[in-house]
2 protein chains.
Amino acid sequence: MSYTLVIHGGAGNITPAIMNTQQEAEYTIALKEALVKGTDVLRAGGSATDAVVAAICEMEDNPLFNAGRGSVFTKKGLNEMDAAIMDGSNIAAGAVAGVRNIKNPIKLAREVMLHSGHVLLCNEGAGEFALKQGVEMAPDEYFFNKSRYDQWVEIRDTDYTQLDHKGDNLKGGPVTPNTGHKFGTVGAVACDAMGNIAAGTSTGGMTNKRFSRIGDSPIPGAGTYANKKTCAVSCTGHGEYFLRAVVAYDVSCLMEYKGLSLQEACDVVIKDKLVKMGGEGGLIAVDALGNYNFCFNSAGMYRGMRNSEGKEIVGFYGM
Amino acid sequence: MSYTLVIHGGAGNITPAIMNTQQEAEYTIALKEALVKGTDVLRAGGSATDAVVAAICEMEDNPLFNAGRGSVFTKKGLNEMDAAIMDGSNIAAGAVAGVRNIKNPIKLAREVMLHSGHVLLCNEGAGEFALKQGVEMAPDEYFFNKSRYDQWVEIRDTDYTQLDHKGDNLKGGPVTPNTGHKFGTVGAVACDAMGNIAAGTSTGGMTNKRFSRIGDSPIPGAGTYANKKTCAVSCTGHGEYFLRAVVAYDVSCLMEYKGLSLQEACDVVIKDKLVKMGGEGGLIAVDALGNYNFCFNSAGMYRGMRNSEGKEIVGFYGM
């Protein structure tokens, strides 16, 4: 039985200079635990979709990552989360944007895919659907995290947001070492024993986010995409660029229409096209043969891979 | 000075059987007026983006179309609108989803593109941005339309939505002749005298819509896309399929990566791939040489074209 799981926990200015030994150990444990949770599903013959959900839930539950429990605070001091799942076997997709008090947004995204008749729900409306489906909720306190809160307090009276880029018109501050842990998105892609593939992404968005901004994470084709014919992709980075470049689907199209390999397609999109646009970030990808790729144009990306051959990779910094 | 403007007012079960002579005259006038407004901008040397906005505003202001003033009612009896604009000269994009009381959502989308540092804003947050930018608002009464209201009253106590498809899991009723006018989305694509292209789309969504559903219209790559290297595209149809198929960007990729012509690419996406998925609808497209295409797999599509050579086309039914 052959399977592959690949995960990321965000890309950005992740360098040895901003990580001490204890942090390295914490992230290593966190990534390995997510890899175990996802591959447990795959080893038991579960679907790529369920493996992606299991791996992402583990990261959503860990305050280290900006997703689920560890989500950052918006301008109004709230935790608003986005998530998407896509099943490459039937090109089905489900996504939510701007949801609050949902313990695992990725599970709600799966409910949207399976039971809503829709693809993308947002804000209070998505919350109403969550209640209808009996998705697990959590109070504000569950999402409270002192370090995220302090990050927000520092900039809440400004128009600035903090994320993994240096965009002037966003008034986003340049990435500095002590903001290294805020580059947040988590994602997973998997190839299961049936040769099906799936992709999922979950994020708490940007610190001090305003105007119910939606990034690329919950958008099929931009931050998340899966199609058995080509690849499953989950992105992390400066969402506005990933939206405009339709990054995840671009990787798929380069494979389908130009015959590029998974790695060639990822490299063209992330290291050439996106760099020329000024977009910083990365992605993880897998194809139906279990080939996988980590690809980023930022200093680093929290990432991991575990497959049926017993191979395991965990990394943070540039390759 | 060479320019081309193409518009649509929605696709679906638009046949001579559901249109009487007066309705044909009304739609003809409405489409021609939008063509005039857009080409006035182009003839004066204006940008493709501004021409798209001008043409779409005209249709948003006309209660015949499900966009702006003519928007349908949600489950809660509200008018929630989506819109997107994309400028092919720099691949910039701006979009809003679920906005209320915005007179011209397409203008708000342009504000997002030019002044927010973001691509996609939604719901109340997008409304706050509109207030900040001084975008023109309108009271609920402005959007009230007796026939839209009656359509909603008919189904508001059910879980059904009405749009241009026959999806079972949506509990969407099959399209019947007297729902022919609800297939709503409007869009425009333009090629200006500088050879720049742009695309825009605006919609009032689905009657009896719940859960703050977002369709393809405001999503760059799905319902709206523009890139000077390839094409500008605006879609209309069953949004969930258009989202999953990343329709607008797929047309662009088929041109860029496989060398297909504009028409060939549109035909592959709409008449082959989308049909196989079960997705009904259509699109309009233009390239930087002023080549244009109407393409739909439904019975009809409200549409029009006007260019610098004095050619004008207005149509409703199958070609």
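Residues are numbered from 1 along each chain as its sequence is written, and chains are lettered from A in the order in which they are written. Because the model is predicted, local features need pLDDT of at least 70 and side-chain atom pairs count only at pLDDT 80 or more, while totals for chains, interfaces and linings use all residues; side-chain values use heavy atoms, with hydrogens and water left out.

The contact (heavy atoms within 4.5 Å) draws on 45 residues from chain A and 45 residues from chain B. About 3800 Å² is buried between the two chains, 63% of it given by carbon and sulfur atoms, where buried area is the accessible area (1.4 Å probe) lost on putting two parts together, summed over both. Of the area that chain A buries against chain B, 21% comes from A:F211, A:R244 and A:Y257, more than from any other three residues.

Two salt bridges cross the interface, a salt bridge being a side-chain nitrogen of Lys or Arg within 4 Å of a carboxyl oxygen of Asp or Glu. One of them joins the side chains of A:K76 and B:E128, at 2.5 Å from N to O. By class, the side of chain A that touches chain B has 24 nonpolar residues, nine polar and twelve charged, where Ala, Val, Leu, Ile, Met, Phe, Trp, Tyr, Cys and Pro count as nonpolar, Asp, Glu, Lys and Arg as charged, and the others, Gly among them, as polar.
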